[in-house]
Amino acid sequence: MNKIKITQIFSLFLALLFLGACKKEAESIFTMFDGLEVSFENKSEYAIVEDAVVNDGDSVHIYFTVTSKNEDMLAVVIDSTNGTGTWSTREIPTTEDERRSYSGVVKFKMQRDGEMTFRFYALNRINEYLGDGYTSITVKGATSYRHIANRRLYAPTEDGEDFASFMSLTTGEVFTYKEAQQVSSKVDFGIDTLFDTRANNSTELVYNLYSPSVQEYPVPYYDLSGWEKRETLFSEPQYNVSNTFYTRTLVSASKIEEEALKVSIDQNQTYGLTSLQGLAPGTLLYFLTPEGKYGALYVAQSTTNTKGRPYINVNVKITN
């Protein structure tokens with residue numbers, strides 16, 4: 001081995017020795033937040049102290065205490081997620097007496113199906129994270145409604161008996177006229193169509209719905225006179241309200257019923273005369289079944305299939 005290589009190895013050895021002598025032990029990422037603890041207390045009949053499943057409309061209380069052993073807490077933060085990709089954060093400044101131990105409570109009524117997760121953590125004087133006690137609580141709302149998606153309802157035609165134009169809101173099934181005759185006790189409504197009454201739009205189809213309980217059937221070539229008739233009622237259509245159906249509004253049975261009760265549900269048919277009315281895309285109707293179940297029907301699309309048959313695509317939310 002030549003002198004240059006020996007010198008290089010010796011220099012490297014000295015450098016490593018020096019670094020080892022000067023190295024400061026860093027706190028492990030697995031233990032650096034051990035100075036903070038979060039505990040949950042059972043202080044009421046609605047209190048939960050661990051992950052829980054609750055029913056729609058139940059009250060929930062989360063009593064918590066955040067304790068810091070090593071450092072003052074200038075704020076306690078409650079971080080919550082609702083399982084839909086959104087979350088909220090509430091920061092609570094502490095008083096002098098609460099710098100090392102803070103107690104509080106979160107109270108709410110469960111009005112959404114699915115999970116909500118709560119974390120409680122602390123911040124120090126320079127807004128640094130002190131820890132969350134390596135714990136959280138998840139509250140799951142039990143399923144309280146059904147979401148029936150992507151049901152196609154075709155414009156009725158005399159030769160179109162192979163295409164469904166009737167629907168059961170309680171089961172989510174769609175039926176052709178022949179099928180509906182055999183299961184009329186399930187059928188909540190049928191589809192009828194007319195051409196747009198505006199002169200410049202006279203080739204556009206207008207979709208409406210009707211209950212089998214109507215006095216005069218709007219589709220002349222369908223005979224419903226011998227059917228067992230369900231008396232499901234509907235609200236007037238609401239237009240351009242996709243946010244109501246798809247976002248955080250209709251997220252549990254109690255919320256669906258709450259929104260439905262804001263409108264009159266007393267119609268057994270819709271009366272749209274233009275393609276922007278009736279069951280146009282973006283339209284929402286509330287309904288009430290004979291069994292007392294509330295729901296919402298949303299029209300997502302108006303188009304044709306590969307054979308050129310026109311139809312609308314509807315989604316339904318109905319309480320259990």
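Start by selecting strand S3, residues 59–68, together with S1. Six bridges join the two strands, and they run antiparallel. This is a predicted model. Now pick Glu-41. Across from Glu-41 stands Tyr-63 in S3.

You now have an open sheet of three strands, in the order S1-S3-S6, with antiparallel pairing. Look at the edges. S1 (36–41) and S6 (101–109) each have a single partner strand, so one side of each is left without a neighbour in the sheet. From one strand to the next, the twist averages 25°.

Now go to the largest nonpolar core. It has 25 residues. Select Ile-62, Phe-64, Val-66, Phe-108, Phe-118, Phe-120 and Val-139; these have the most contacts inside this core. Which strands each supply at least two residues of this core? They are S1, S2 (52–54), S3, S4 (75–81), S6, S7 (114–123) and S9 (137–141).

Zoom in on Phe-118. Leave aside its neighbours within four places in sequence. Phe-118 is then in contact with Ile-62, Ile-78, Asp-79, Ser-80, Val-106, Phe-108, Ser-136, Ile-137 and Val-139.

Finish by colouring the chain by pLDDT. The mean for the protein chain is 89, and 89% of its residues reach 70 or more. Then select residues 3–10. Here the pLDDT is below 50. Beyond near neighbours in sequence, this stretch has two contacts in the model.

Technical notes: Residues are numbered from 1 along each chain as its sequence is written. This is a predicted model: local features need pLDDT of at least 70, side-chain atom pairs count only at pLDDT 80 or more; totals for chains, interfaces and linings use all residues. Side-chain values use heavy atoms; hydrogens and water are left out. Two strands pair if DSSP finds at least two bridges between them. Helices (H or I, at least four residues) and strands (E, at least two) are DSSP runs, numbered from the N terminus. Axes are lines fitted to C-alpha atoms, for helices over the stretch in contact, and angles run from 0 to 180 degrees between N-to-C directions. pLDDT is the predictor's confidence in each residue, from 0 to 100. Contact means heavy atoms within 4.5 Å. A nonpolar core is a set of buried Ala, Val, Leu, Ile, Met, Phe, Trp, Tyr and Cys residues joined through side-chain atoms within 4.5 Å. Buried means under 20% relative accessible area, exposed over 50%, partly exposed in between (1.4 Å probe, protein chains only).
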